[in-house]
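Have the viewer open while you read.

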Amino acid sequence: MEEVKKTLYSAVQPTNTLTIGNYAGAIRNFVRLQDEYRCFYAIANMHAITVRQNPAELRQKTLGLLATYIACGVDPDKCTLYVQSHVPAHAELAWVLNTFTYVGEMERMTQFKDKSARHADNINMGLMDYPVLMAADILLYNADVVPVGIDQRQHLEITRDIAIRFNNIYSPTFVVPEGLYTKVGAKINDLQDPSKKMSKSAENPNGTIFMDDTKDTIIRKFKRAVTDSDSEVRYDEENKPGVSNLLSIYSSFTGKTIPEAEAEFAGKGYGDFKLAVGEAVADVLEPVQKETARLLSDRKYLDDIFRKGAEDAAHVANKTLDKVYRKIGFYRCGN
Ligand code: TYM
């Protein structure tokens, strides 16, 4: 008998250029988990428009993100890769779930508060509703697990709350998903300000390593990374946040454990250490960049993956949506 795999769901927004935080916190794990689970990986363009986007760029980044997924090792023959807006059920379920979500809950979301401060001229309803759309994404596919970085934990919690609330009012409908956070890499911080997460939209680009940075740029940014005044390469988030962040990055990109990395750099100075981290990152990114560029030259190949992905995703999503519509009492014409 064929083994029934559990379902995994995750998504990335096609905004700006991806960072090594996106890679370490999410995409690297997408690859690691693709044999164990039935995987759905979306490109969250509907989430992206909660912040104003340049249309041509958004289109290009959508294709670019698919190429990056594949170049990083996500296998389109094993996983369903698709664009969120190609499956209308996302917007449809989000509307229903809105009526099971309280305004107060959304106002308390950390990311909403952060983004409202950063985009004070455009605090739109979508920005506030972002977690409900995310809940719809996840719940449509009956996902058991959702691999994401720590910054998404609060959104995962509210997804669970909404699912439980709905299940209690009607009858078990949604699978209540678990967040999956890796020990290392779930929160990569800014190289210039290690108290903040590394972000695509950081003010100081020297704090962020982008997936398309050249080797020279990568090495330069790591050389300038903020550390501390002693010289010991030791993991201690509280007292040595800069060095601890570099150790997490090194571990994510080499597969070595933190103690192995500490041992490797025992007695060596920060200069050697930073160079080694930069080289480890560049060694991973260089082939990914080449493969991304190669894939982007074959638009038909990528479009075919998107078409097939949307079809497969819609098949699963529409079943869930039908069930929800039936339970809440939406009228259906007889045959
Ligand atoms: P996005 O595009 O902001 O981030 C994509 C993934 O990268 C992770 N991440 C990080 N991990 C570690 N360190 C960092 N510095 C770092 N920065 C980003 C994020 O945690 C995320 O896993 N809302 C989601 C997209 C989404 C989604 C979903 C995810 C839409 N629908 C459904 C899961 C399930 C987001 O913020 O993506």
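Phenylalanine 40 and tyrosine 141 are both buried. Keep in mind that this is a predicted model. A search of the whole structure turns up 14 aromatic pairs, and two of them, both tilted, are set out here.

| Pair | Centre-to-centre distance | Angle between planes |
|---|---|---|
| Phenylalanine 40 and tyrosine 141 | 4.7 Å | 40 degrees |
| Phenylalanine 166 and tyrosine 170 | 4.7 Å | 35 degrees |

What does the pair of phenylalanine 40 and tyrosine 141 tie together? Phenylalanine 40 belongs to strand S2 (residues 38–43), while tyrosine 141 is in the loop between H7 and S4, so their contact links parts that are 101 residues apart in sequence.

Now for the backbone. Asparagine 16 isn't a glycine, yet its phi is positive, at about 45 degrees. You'll find asparagine 16 in the loop between strand S1 (7–12) and helix H1 (20–33), partly exposed at 37% relative accessible area. Asparagine 142 also has a positive phi, near 50 degrees. Asparagine 142 is in the loop between helix H7 (125–140) and strand S4 (145–147), and with 26% relative accessibility it is partly exposed.

Conventions:
Residues are numbered from 1 along each chain as its sequence is written. This is a predicted model: local features need pLDDT of at least 70, side-chain atom pairs count only at pLDDT 80 or more; totals for chains, interfaces and linings use all residues. Side-chain values use heavy atoms; hydrogens and water are left out. Helices (H or I, at least four residues) and strands (E, at least two) are DSSP runs, numbered from the N terminus. Buried means under 20% relative accessible area, exposed over 50%, partly exposed in between (1.4 Å probe, protein chains only). Rings of Phe, Tyr and Trp (its six-membered ring) pair if their centres lie within 6.5 Å; planes under 30 degrees apart count as stacked, over 60 as edge-to-face and the rest as tilted.
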